[in-house]
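Work through the exercises below with the model open beside you. Try each task before you read its solution.

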Amino acid sequence: RMTNEWLLKLWGFIVGHFDTIVTVGITIIGFVVTYLGTRKNFKDEVIKNKLQVNADSMKELPYQIIQMMNRANTQKPAPAVLEKELSEVLSKILAYGSKNAIAIAARMQQQLYKAAHEAEIQSQWEVLALYSLLITQIKYDLSSEIISPESWFELKMADYKNYRAEIKKDINLIINELQLNKK
């Protein structure tokens, strides 16, 4: 009997204060949703700021790498100058680059060490193909735009069509070995 009385009183209280209960419930739900939304927006802003810092640090790298390739292709700069410049570029890539950019840079460094200690590397185009892929990857990381890694060769080599098959083979071999985006 006491349980029925208690339930009737509870029901009377709920009916009598229904508008207040609904208002409090909606307020609590609104608070939770606002809190979760604010927390998600804050996390998104932190990620956005990190990406912006990375982009700002990396935006000049494609141009620097192209200039290094141009000098290496024409002037043959002093090895110490090229080594210092390359070291700075590779440090930036390691600090701010994507996983794929770092993989390409590591492979490029291995090839350069190999070339310095051995008389000949596998292919005369492999190092330039790595530079070209690195430029392509950084450009993709910064803008999501895909360009052909052959672009530099097409722009700089008048007789590119004579070497295209070998260069393309080297590029594709590296893409497959490093499991890069096939596009």
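**Exercise 1. Contacts and chain layout**

Task: Of the contacts with a separation of 6 or more, what share comes from residues 24 or more positions apart? Then describe the elements of the chain.

Solution: 
- Step 1. Keep the contacts in the chain with a separation of 6 or more; residues 24 or more positions apart account for 60% of them.
- Step 2. This is a predicted model.
- Step 3. Count the elements: the chain has eight helices and zero strands.
- Step 4. Read from the N terminus: the order is α-α-α-α-α-α-α-α.
- Step 5. Turn to burial. The chain has 183 residues, and 26% of them are buried.

**Exercise 2. The largest nonpolar core**

Task: How many residues does the largest nonpolar core have, and which have the most contacts inside it? Which helix gives the most to this core?

Solution: 
- Step 1. The largest nonpolar core holds 32 residues.
- Step 2. Ile 65, Ile 93, Tyr 131, Leu 134, Ile 138 and Phe 153 have the most contacts inside this core.
- Step 3. Now sort by element. Helix 3 (61-74), helix 4 (79-96), helix 5, helix 6, helix 7 and helix 8 each give two or more residues to the core.
- Step 4. Helix 6 gives the most, with nine residues.
- Step 5. Zoom in on Ile 138. Leave out residues up to four places away in sequence; Ile 138 then touches Met 58, Leu 61, Pro 62, Ile 65, Ile 93 and Ala 101.

**Exercise 3. Positive phi**

Task: Where are Ser 144 and Gln 179 found? Is Ser 144 buried or exposed? Is Gln 179 buried or exposed?

Solution: 
- Step 1. Ser 144 is in the loop between helix 6 (126-143) and helix 7 (151-156). Gln 179 is in the segment after helix 8 (160-178).
- Step 2. Check phi. Ser 144 has a positive value near 65°, and Ser 144 is not glycine. Gln 179 has a positive phi near 55°, again in a residue other than glycine.
- Step 3. Exposed means over 50% relative accessible area. Ser 144 has 58%, so Ser 144 is exposed. Gln 179 has 67%, so Gln 179 is exposed.

**Exercise 4. The second largest pocket**

Task: How many residues line the second largest pocket, and which helix gives the most to the lining?

Solution: 
- Step 1. The second largest pocket has a volume of about 300 Å³.
- Step 2. Its lining has 19 residues; Pro 149, Ile 175, Asn 181, Lys 182 and Lys 183 lie nearest its centre.
- Step 3. Helix 6 and helix 8 each supply at least two lining residues. Helix 8 gives the most, with five.
- Step 4. Sort the lining by type: nine residues are nonpolar, six polar and four charged.

Technical notes. Residues are numbered from 1 along each chain as its sequence is written. This is a predicted model: local features need pLDDT of at least 70, side-chain atom pairs count only at pLDDT 80 or more; totals for chains, interfaces and linings use all residues. Side-chain values use heavy atoms; hydrogens and water are left out. Helices (H or I, at least four residues) and strands (E, at least two) are DSSP runs, numbered from the N terminus. Buried means under 20% relative accessible area, exposed over 50%, partly exposed in between (1.4 Å probe, protein chains only). A nonpolar core is a set of buried Ala, Val, Leu, Ile, Met, Phe, Trp, Tyr and Cys residues joined through side-chain atoms within 4.5 Å. Contact means heavy atoms within 4.5 Å. On a 1 Å grid over the protein atoms alone, a cavity is a set of points where a 1.4 Å probe fits but cannot get out, and a pocket is an open set with protein on both sides within 12 Å along at least five of seven lines; lining residues have an atom within 4 Å of a point. Grid points are joined across faces, edges and corners, and a volume is the space filled by probe spheres set on the points. Ala, Val, Leu, Ile, Met, Phe, Trp, Tyr, Cys and Pro count as nonpolar, Asp, Glu, Lys and Arg as charged, and the others, Gly among them, as polar.
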